[in-house]
Amino acid sequence: MRPSTRDVFIAPTDTTATTKTQAEVRDLIGKKGFVNEDDVHNFTYLKAVIKETFRLQAIAPLLVPRETFRKCSIGGYEVPTKTLVNVNAWAIGRDPEAWENPEEFYPERFIGSSIDFKGLNFRLIPFGAGIRVCPGMHMGVAAVELALTNLLYKFDWEMLPEMNKEGIDFDVVPGLTTHTKK
Ligand code: HEM
């Protein structure tokens with residue numbers, strides 16, 4: 001599997017989430033043969049799985065750097081004018097003060113929750129927030145939703161017998177976007 005694909009497919013290492021997502025997709029689509037954009041609105045669990053994946057594996061972990069216009073105070077720290085500021089979306093997604101059991105892949109945390117990734121809830125910002133928020137967010141999410149639902153609809157996914165969840169190396173190399181080491 002190529003690293004970029006593996007980033008999106010963190011969920012299949014969690015067999016419960018994979019089974020539940022696949023059941024939701026197949027129940028709602030039935031024998032129709034494919035999933036299209038209109039169907040995706042109905043997939044509550046799938047949307048929770050995607051949010052949980054974005055929370056744990058931010059594609060741009062430090063977003064895009066900012067520079068301060070004027071001096072300001074952030075969390076009690078005085079920040080001078082023209083300081084380069086990185087927002088660590090990866091760490092925010094795993095902050096124990098923001099999330100219960102942050103290291104656990106638990107999509108259910110989003111079911112019935114208003115937390116979304118559109119830049120209004122600062123604890124989930126895989127697309128950033130504010131004036132430089134990702135303009136391709138809706139296109140990006142639609143691509144992930146459609147690809148994932150159709151792959152789950154059509155195929156049964158499982159790890160090779162010699163693989164196990166613990167053996168998958170999710171370590172990433174530093175950079176603007178997330179790439180696995182191997
Ligand atoms: C799942 C898919 C995607 C993710 C997770 C993502 C994530 C991000 C993030 C984190 C930023 C920085 C936002 C900030 O610093 O506040 C960004 C910026 C940007 N993204 Fe995306 N993106 C995705 C898809 C796309 C697509 C499909 C396009 C174009 C068709 C796109 C175009 C851009 C552009 C042009 C910027 C720079 C915006 C600016 O600096 O004003 N992105 N994206």
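A polar contact here is a pair of N or O atoms within 3.5 Å; within protein, one must be able to donate a hydrogen and the other to accept it, and residues adjacent in sequence count only if both atoms are side-chain atoms. The model is predicted, so local features need pLDDT of at least 70 and side-chain atom pairs pLDDT 80 or more, while totals for chains, interfaces and linings use all residues. Residues are numbered from 1 along each chain as its sequence is written, and side-chain values use heavy atoms, without hydrogens and water.

Select the ligand and Val-64. A polar backbone atom of Val-64 is 3.1 Å from a ligand oxygen atom.

Next, show Ala-129, where a backbone N or O atom is 3.4 Å from a ligand oxygen atom.

Now widen the selection to the 15 residues around the ligand; among those that come nearest are Pro-126 and Arg-132. Near means a heavy atom within 4 Å. This shell divides into 10 nonpolar, 3 polar and 2 charged residues, where Ala, Val, Leu, Ile, Met, Phe, Trp, Tyr, Cys and Pro count as nonpolar, Asp, Glu, Lys and Arg as charged, and the others, Gly among them, as polar.

Finish at Cys-134, also one of the nearest residues to the ligand. Cys-134 sits in the loop between helix H5 (89–93) and helix H6 (137–154); helices are DSSP runs of H or I, at least four residues, numbered from the N terminus. An unreviewed UniProt entry puts the feature "binding site" at Cys-134, and such annotations may be inferred rather than shown by experiment.

Notes: Helix = DSSP H or I, 4+ residues; strand = E, 2+ residues; numbered from the N terminus.
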